[in-house]
Amino acid sequence: MSAATTRSRTPDRLCAEAVDLARAAAEEAAAPGVVGEHVGLESEGDRVVTHFFECKELGYRGWRWAVTVARASRAKFVTLDEVVLLPGPDALLAPEWVPWSERLRPGDMGPGDLLPTDAEDLRLEPGYSGEEEPVPNAAVSEEMAELVEAEDAEVTAGAPANLPVVPSRGSIASVAEELGMRRARVLSRYGLHVAADRWEESYGAKTPMAQAAPASCVSCGFLQPIGGSLGQAFGVCANEFSPADGRVVSLAYGCGGHSEAAVMPKPPQPAPPVIDETRVDPFPLRPAPDSGSVPVVSDGEAADLGHS
C-alpha cells in the first residue's frame with residue numbers, strides 16, 4: 001500500500017475541524033430549520049473531507065446534508081467545495097423506475113389514450129406489404145400483364161395500406177383486401193401464444209368456475225365460434241347470465257349457465273275434454289215422485305198427520 005493511499009484514508013485535520021463552515025454552507029443551501037446535528041464525516045482524498053448533517057425535512061427520512069470541504073497543499077485555510085442532499089443507509093427512497101411499457105396493465109387505457117407499439121414488438125410480424133415482386137409466371141406479374149388484354153389484371157404499386165383509393169378489382173391489393181390481409185402488421189406466432197395463455201388463464205379449464213361447471217363450453221349452445229387458428233381452442237360466450245358474457249373463453253371452460261346443463265321441463269298440459277256427441281242424456285226438470293226417501297202419501301193422509 002502506497003503512502004498516498006494511506007494519506008487519502010486519513011481525514012485532514014483542518015478539514016475535519018471545519019464543522020462550522022460546513023454547517024453554515026448547509027444552512028445557506030437548505031430551508032431554515034432543516035439542518036440537524038452533525039452525524040459524521042468521511043475522507044474523500046488528500047485534504048478533502050465530507051461532513052454529514054441530519055436532514056429534518058419532512059419526507060426525507062434518513063437523508064443527510066453532505067458538505068464537502070477541501071484545502072490546498074500547504075494552505076492553512078479550508079474552502080467550500082459543494083453542498084448536496086444525499087440518502088443515507090436507511091433513507092426512504094422512491095421505488096426503482098420502471099418504463100411505462102412495463103408498468104402498463106390491462107384496463108389502464110381510457111377514452112382518448114393512445115398506446116404506441118414498438119416497431120420490433122414480438123407480438124406482431126409484417127403483414128402484406130406489396131413490396132415483394134411476384135414470380136415471373138404469376139398472373140399479376142409485369143411479364144404476364146403485357147400479354148393479357150383484360151383490364152382487371154393490373155398490378156397496383158405500393159402497399160395496400162398506403163393506397164388513397166379502393167384498389168381495382170383483380171389487383172394484388174384488391175385480393176389482399178378481400179382476404180383480410182390489408183394490414184401492415186399481423187399477429188405473430190408469439191403474439192398468438194401470449195393471447196392464448198392470457199385467455200386460458202382468465203377463462204380456461206383450470207379456473208374455479210370451470211372446475212365446478214356441469215359441462216364445458218364446447219357443447220354449449222351459447223358459444224359463438226371465432227375464425228382463425230385460435231378458433232380451434234376458443235370462442236365467444238353469448239349468454240347474458242354467464243360471468244364470461246362477451247368474453248373470449250376456452251372451449252374447455254364452463255359455468256352454470258350451460259345451455260344443456262339444466263333444461264327446464266315443459267309445464268304439464270291437461271288432457272282435452274272428451275264429449276260424446278252421439279248419445280243424449282235426458283235430464284228431467286222435476287224429480288220423480290218416488291225418487292225420494294219419504295213414501296208418497298195422499299193429501300188426506302197428509303192432513304191427518306198434520307202435514308200441510
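Which residues of α7 are buried? They are G191, A195 and A196. Buried means under 20% relative accessible area, exposed over 50%, and partly exposed in between, with a 1.4 Å probe and protein chains only.

This is a predicted model, where local features need pLDDT of at least 70, side-chain atom pairs count only at pLDDT 80 or more, and totals for chains, interfaces and linings use all residues. Residues are numbered from 1 along each chain as its sequence is written, and side-chain values use heavy atoms, with hydrogens and water left out.

**Two helices**

Helices (H or I, at least four residues) and strands (E, at least two) are DSSP runs, numbered from the N terminus. Helix α7 holds 14 residues, 189-202. The expected span is 1.5 Å times one less than the number of residues. For α7 that should be 20 Å, and the end C-alpha atoms are 20 Å apart, which agrees. Seen down the axis, the buried residues of α7 fall within an arc of 130°, so they line one face of the helix. The arc is that of the directions from the helix axis to the C-beta atoms.

Helix α3 covers residues 19-29. Its buried residues are A22, A25 and A26. They cover an arc of only 100° around the axis, which puts them on the same side of α3.

|---|---|---|
| α7 (189-202) | R189, D197, E201 | β6 (185-187), β8 (234-237) |
| α3 (19-29) | D20, E28 | β1 (35-45), β2 (48-55), β3, β4 |

**An exposed phenylalanine**

F77 sits in the loop between β3 (63-70) and β4 (79-87). F77 counts as exposed because its relative accessibility is 69%. Leaving aside residues up to four places away in sequence, F77 touches A70 and R71. The C-alpha atoms of F77 and L14 are 8.0 Å apart, although 63 residues separate them along the chain.

**The cavity**

A cavity is a set of points on a 1 Å grid over the protein atoms alone where a 1.4 Å probe fits but cannot get out; lining residues have an atom within 4 Å of a point. Grid points are joined across faces, edges and corners, and a volume is the space filled by probe spheres set on the points. The count is one cavity of 30 Å³ or more. The largest cavity holds about 110 Å³. It is lined by 14 residues, and C217, C220, C237, S242 and C255 are the closest to its centre. The lining has nine nonpolar, five polar and no charged residues. Here Ala, Val, Leu, Ile, Met, Phe, Trp, Tyr, Cys and Pro count as nonpolar, Asp, Glu, Lys and Arg as charged, and the others, Gly among them, as polar.

How values were computed:
1 Å grid on protein atoms, 1.4 Å probe; cavity = no way out; pocket = protein on both sides within 12 Å on 5 of 7 lines; lining within 4 Å. Contact = heavy atoms within 4.5 Å.
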